[in-house]
Amino acid sequence: MTVFCTIVPPHVLDKLAQADDPALAGPARRTLQRDAYERTQRRLTTVIGAPTAAPLASAEPGKPHRTIHDAQHRTDLPGKKVRGEGDAPGKDATVNRAYAGLGATFELFLTAYARDSIDGNGLPLNATVHYDRDYNNAFWNGEQMVFGDGDGEIFLDFTIPIDVIGHELAHGVTQYTANLTYFGQPGALNESVSDVFGALIKQYTLGQTAAEADWLIGAGLLAPRVTGKALRSMKEPGTAYDDDVLGKDPQPATMDDYVRTGRDNGGVHINSGIPNHAFYLAATALGGHAWERAGQVWYDVLTGGELKQDALFTDFATLTVKAARARYGDGEELDAVSKAWEQVGVRTL
Ligand SMILES: [Zn+2]
């Protein structure tokens, strides 16, 4: 199953679409309509059998194969090719950021986990920028990345936060590995895995330790008028924004505040706060570079073959404990991972 994940979840745009100011509500409504259309397209092509991007015959293993397209504010995908692999940077900063973001994602997975692109087999990475007008979102449609420019009022250019690029591409990694069902707890795990690797890609790019990182998803994306710092916080779920137009960040940090809802595919972008916070706790307890030990444990679970598509939080947590023991023995890694889940109220078996 292909996940159609938009980085800005529908409940945020729903709230925005109700704003009194038409300059704020208009772009949100159009973005919701566009997302609904793309989601349907995805379902149709998935049913019919989408042609998956074939690795280039001449592809060199261990090297990215990036292509950036410009939709020129229309919605036809992929749009006009503006930068290929190895081409020098052009004048368009958005194109250059998308290219760099795909490269950083490729590099983390290759150097930290020996994974050759998101499918593990050199899959070419394609992205389209300048999608539509005032489009307040970015998404991975199962084949490529798509970025809007934002409306400039609430959201800025979606290529700005590198963790947003990493988040979307990580959905591709999940799609090719554990393929977690995009609903309820397995859906929240799917979202959380994308936040975890999105954050790790940012930290890797900046050379940050777990203590130095901001643990925010989408920092730099909100326009100055918005009261908030990002879309989500792994350090303090529920505190990323609190704005009169955007509403308040609804993420819980622990099982005590687990949200039961039918919206947002059963709260996939909401309850992901719980496993997100568990990762943050494990990574900061261990210290150093979070992609090395904590990230390795999460990656081992994602790719180890034991994680079921319909896994619940407790299943995932149990597998992280098992993976920590398998890779590092009875040491501080096992202790940090076990305690992290305990702190967020998820039982490990
Ligand atoms: Zn997502």
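Predicted model: local features only at pLDDT ≥ 70, side-chain atom pairs only at ≥ 80, totals over all residues.

Visitor: Fine. Which residues of β2 are buried on one side and which on the other?

Guide: R66, I68 and D70 are on one side, and T67 and H69 are on the other. All are buried, which leaves both faces of β2 covered. The strand spans residues 66–70. Five of its five residues are buried, so β2 is largely enclosed by the rest of the structure.

Visitor: What does β2 pair with, and in which sense, parallel or antiparallel?

Guide: Two strands. With β4 the pairing is parallel, over five bridges. With β3 the sense is antiparallel, over four bridges.

Visitor: Zoom out. What is the strand order in the sheet?

Guide: β1-β5-β6-β4-β2-β3. The sheet is open, with six strands and mixed pairing.

Visitor: Which strands stand at the edges?

Guide: β1 (5–6) and β3 (80–84). Each has a single partner strand, so one side of each is left without a neighbour in the sheet.

Visitor: How does β1 join its partner?

Guide: Two bridges join β1 to β5, residues 138–140, and the two strands run antiparallel. C5 has W140 as its bridge partner in β5.

Visitor: On to helices. How many residues does α7 have, and how far does it reach?

Guide: α7 covers residues 273–286, which is 14 residues. From first C-alpha to last it reaches 20 Å, close to the 20 Å expected at 1.5 Å a residue.

Visitor: Is α7 mostly buried or exposed?

Guide: Buried. The count is 12 of the 14 residues, so α7 is largely enclosed by the rest of the structure. Among the buried ones are I274, P275, H277, F279, Y280 and L286.

Visitor: What covers them?

Guide: The cover includes α5 (184–206), α8, α9 (313–328) and α10 (332–343).

Visitor: What comes after α7?

Guide: G287 follows α7, and its phi is positive, near 70°.

Visitor: You mentioned α8. How do the axes of α3 and α8 cross?

Guide: At roughly 95°, and they come within 11 Å. That makes α3 roughly perpendicular to α8. For the selection, α3 is residues 93–113 and α8 is residues 294–303.

Visitor: Which residues meet there?

Guide: F109, A112 and Y113 from α3 meet G295, Q296 and Y299 from α8. The contact divides into four nonpolar residues, two polar and no charged.

Visitor: Now single residues. Where does D163 lie, and is it buried or exposed?

Guide: D163 lies in α4, residues 162–176. Its relative accessibility is 1%, so D163 counts as buried.

Visitor: What is D163 in contact with, leaving aside neighbours within four places in sequence?

Guide: G198, A199, K202, L216, I217, G218 and A219.

Visitor: And how far is G207 from D163?

Guide: They are 44 residues apart in sequence and 14 Å apart in space, C-alpha to C-alpha.

Visitor: Last one, Q185. Buried or exposed?

Guide: Buried, at a relative accessible area of 17%. Q185 has its place in α5, one of the helices that cover the buried residues of α7.

Conventions: Residues numbered from 1 in each chain as written. Heavy atoms only, no water. Axes fitted to C-alpha atoms, helices over the stretch in contact; angles between N-to-C directions. Parallel < 35°, antiparallel > 145°, perpendicular 65-115°, else oblique. Contact = heavy atoms within 4.5 Å. Nonpolar A, V, L, I, M, F, W, Y, C, P; charged D, E, K, R; others polar. Expected span 1.5 Å × (residues − 1). Buried < 20%, exposed > 50% of the residue type's maximum accessible area, 1.4 Å probe, protein only. Pairing = 2+ DSSP bridges.
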